[in-house]
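Reader: I'd like to go through the labels one by one and ask what each of them rests on. Show me the chain, and let's start with the charged pairs.

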Amino acid sequence: MRKNLGSKPLSYPQPVFIIATYDEDGTPDAMNAAWGGISDTHEVSLCLSSTHKTVKNILKRGAFTISMAEASRVVACDYVGLVSGNTVADKFERAGFHATPSTLVDAPLIDELAVAMECKLKSYNAETGLLRAEIVNVSVDERVLDEQGKVDVAQLAPITFDPFNNAYLKIGEKVGNAFSDGRQLK
């Protein structure tokens, strides 16, 4: 038997993206967002309200970074989703984050988070909140690379948002091989 929950934004997994920008005077800002994902080969889409300081920064600068939230930084990553840059100007610093300027887009990379997409704004619809951006680069801190130079998910320990229970879950257990395991049914 199934239980109907109604029309709600409930799905697994939901990413925990930390979006970083510079404001008008160059101060780094960050926010937590779960409604987004890859929407084309070189594109990411997010659903962000126009009231966010981060959105205002993106519209002014035309760029931002998206870092994958990590289990070791869950408190800081949650914090930047709890407070607004409209009222807490130094929330990036209060989260314990440090910024390194991207060399490819006008936005900060968060030193404490190992994987980041560097993005340029393509479009934003203030009515729907739909933001589309070109992925210019994905950068990875070497601390999460294995001996073959690939991301070690266990070392990275990215988190996902569980909207059913308002929880963060750590990702990391391998359960199969993509584009391979299904061949046994051919």
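This is a predicted model: local features need pLDDT of at least 70, side-chain atom pairs count only at pLDDT 80 or more; totals for chains, interfaces and linings use all residues.

Reader: How many salt bridges does a search of the whole structure find?

Author: The search finds 8. Residues are numbered from 1 along each chain as its sequence is written, and side-chain values use heavy atoms, with hydrogens and water left out.

Reader: What makes K53 and E24 a salt bridge?

Author: The label asks for a side-chain nitrogen of Lys or Arg within 4 Å of a carboxyl oxygen of Asp or Glu. For K53 and E24 the closest N and O atoms are 3.5 Å apart, so the pair passes. K53 sits in helix α1 and E24 in the loop between β2 (17-22) and β3, 29 residues apart, which links distant parts of the chain. Helices (H or I, at least four residues) and strands (E, at least two) are DSSP runs, numbered from the N terminus.

Reader: Why does K53 count as buried?

Author: Buried means under 20% relative accessible area, exposed means over 50%, and partly exposed is in between, with a 1.4 Å probe and protein chains only. K53 has 16%, so buried it is.

Reader: And why is it said that E43 and K122 tie together parts of the sequence?

Author: First the contact: their closest N and O atoms are 2.8 Å apart, and that makes a salt bridge. E43 belongs to strand β5 (residues 43-47) and K122 to strand β9 (residues 115-125), so the bridge ties parts 79 residues apart in sequence. E43 is buried because its relative accessibility is 6%, whereas K122, at 46%, is partly exposed.

Reader: What about R143 and D141, how far apart are the closest N and O atoms?

Author: They are 3.8 Å apart, and the pair counts as a salt bridge. R143 has 36% relative accessibility, so R143 is partly exposed; D141, at 30%, is partly exposed too. Elsewhere, salt bridges that share partners join E24, K53 and K60 into one network.

Reader: Which residues form the nonpolar patch on the surface?

Author: V138, V140, V151, V153 and I171, with about 330 Å² of accessible area together. Members of a patch need over 30% relative accessible area and no salt bridge; like charges are joined within 9 Å, and nonpolar side chains (Val, Leu, Ile, Met, Phe, Trp, Tyr) within 5 Å. The areas come from the Shrake-Rupley method with a 1.4 Å probe, and for residues only the protein chains shown count as cover. I171, in the segment after β12 (167-170), is partly exposed because its relative accessibility is 37%.

Reader: What lines the second largest pocket?

Author: M68, V115, V151, V153, L156 and P158. On a 1 Å grid over the protein atoms alone, a pocket is an open set of points where a 1.4 Å probe fits, with protein on both sides within 12 Å along at least five of seven lines, and lining residues have an atom within 4 Å of a point. The volume of this pocket is about 160 Å³, a volume being the space filled by probe spheres set on the points, which are joined across faces, edges and corners. By class, the lining has 6 nonpolar, no polar and no charged residues. Ala, Val, Leu, Ile, Met, Phe, Trp, Tyr, Cys and Pro count as nonpolar, Asp, Glu, Lys and Arg as charged, and the others, Gly among them, as polar.

Reader: And which residues lie nearest the centre of the largest pocket?

Author: M31, N32, A33, H52 and G81, out of 23 lining residues. That pocket holds about 370 Å³, and β3 gives the most to its lining, with 5 residues. The classes there are 12 nonpolar, 7 polar and 4 charged.

Reader: Last one, on the backbone. What is the phi of N166?

Author: N166 has a positive phi of about 50 degrees although it isn't a glycine. Most residues other than glycine have a negative phi, and most peptide bonds are trans. N166 lies in the loop between β11 and β12, and at 66% relative accessibility N166 counts as exposed. A157 also has a positive phi of about 50 degrees without being a glycine, but A157 is buried, since its relative accessible area is 10%. As for the peptide bond between Y12 and P13, it is cis, with omega about -20 degrees.
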